[in-house]
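Here is a quick walk through the side chains of a predicted model. Have the structure open and follow along.

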Amino acid sequence: LRVALKILKEKGLNLKLIIIGRMDYDAEEGWIERCGAYSQEDAPALFQSAHIFLHLKCLDPCPTAVLEALACGVPVIGLDNGGMPELVDGKSGILIPSPQDFEKFHYPNADEVADAILKVKNNLEEMSHSARNRSLKFDKEIWLKGHEEIFNQLLK
């Protein structure tokens, strides 16, 4: 990820990486900010301060942080495996191709990540709007109503 962002900085982009949650290395660059753990109450403000949410965890079965980002209108870049294809469509973010391999993790190369960031950046307004709309599909009330309709049809 750091290499992908360095590629973008070399192309002249002014960017800052904000890492929320656990971080496995020290942030030495001035353009990396470390927030650490956060509370549920802090989440909306953190997500709303971002333009793009990067979630590059391999085979994440149900990444709720992705849903929170979408709900805040933040497009998501992630891997096309695990639960991500169900959550993120081509309008609300970009999923980088990655095999569904349970023997070995496959991570994208820096150029793939940098390209995805550029694509989202170039369509940020539209993708932000789509991200918020996409999140509504997972709204609890809509989800329950949809399942109630399915069960009612089955019971007829």
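## Salt bridges

Start with Lys16, which counts as exposed because its relative accessibility is 52%, just past the cut-off of over 50%. Its partner is Glu33: the two form a salt bridge in which the closest N and O atoms are 3.0 Å apart. This pair ties together distant parts of the chain, with Glu33 sitting in strand S2 (residues 32–36) and Lys16 in the loop between helix H1 (2–10) and strand S1 (17–20), 17 residues apart. Glu33 itself is partly exposed, at a relative accessible area of 32%.

How many salt bridges does a search of the whole structure find? It turns up three. Another one joins Asp89 to Arg134, where the closest N and O atoms are 3.7 Å apart. Here too the pair links distant parts of the chain: Asp89 is in the loop between helix H4 (84–87) and strand S5 (93–96), while Arg134 is in helix H6 (residues 124–136), 45 residues apart. As for burial, Arg134 counts as buried at 15% relative accessibility, and Asp89 counts as partly exposed at 27%.

## Helix H7

The salt bridge between Lys145 and Glu149 has an N to O distance of 3.1 Å. These two are four residues apart in helix H7, so about one helical turn separates them. Lys145 counts as exposed, with 51% relative accessibility, whereas Glu149 is partly exposed at 42%.

His147 is also found in helix H7, which covers residues 140–155. With 29% relative accessibility, His147 counts as partly exposed. If you want a distance to check on screen, take His147 and Asn133: they are 14 residues apart along the chain, and their C-alpha atoms are separated by 20 Å.

## A buried histidine

Now for His55, in strand S3 (residues 53–55). Is His55 buried or exposed? At 13% relative accessibility His55 counts as buried, because the limit is under 20%.

## Aromatic pairs

The count of aromatic pairs comes to two. Phe47 and Phe53 make an edge-to-face pair, 5.4 Å centre to centre with 65° between the planes. Both Phe47 and Phe53 are buried.

Phe105 and Tyr107 are the other pair to look at. Their ring centres are 6.0 Å apart and the planes are at 65°, so this pair is edge-to-face. Phe105 is partly exposed, with a relative accessible area of 49%.

## Cysteines

If you're wondering about disulfides, the search of the whole structure finds zero.

Neither one counts as buried: Cys35 is partly exposed with a relative accessible area of 31%, and Cys72 is partly exposed with 23%.

How values were computed: Residues are numbered from 1 along each chain as its sequence is written. This is a predicted model: local features need pLDDT of at least 70, side-chain atom pairs count only at pLDDT 80 or more; totals for chains, interfaces and linings use all residues. Side-chain values use heavy atoms; hydrogens and water are left out. Buried means under 20% relative accessible area, exposed over 50%, partly exposed in between (1.4 Å probe, protein chains only). A disulfide is a pair of cysteine sulfur atoms within 2.5 Å. Rings of Phe, Tyr and Trp (its six-membered ring) pair if their centres lie within 6.5 Å; planes under 30 degrees apart count as stacked, over 60 as edge-to-face and the rest as tilted. A salt bridge is a side-chain nitrogen of Lys or Arg within 4 Å of a carboxyl oxygen of Asp or Glu.
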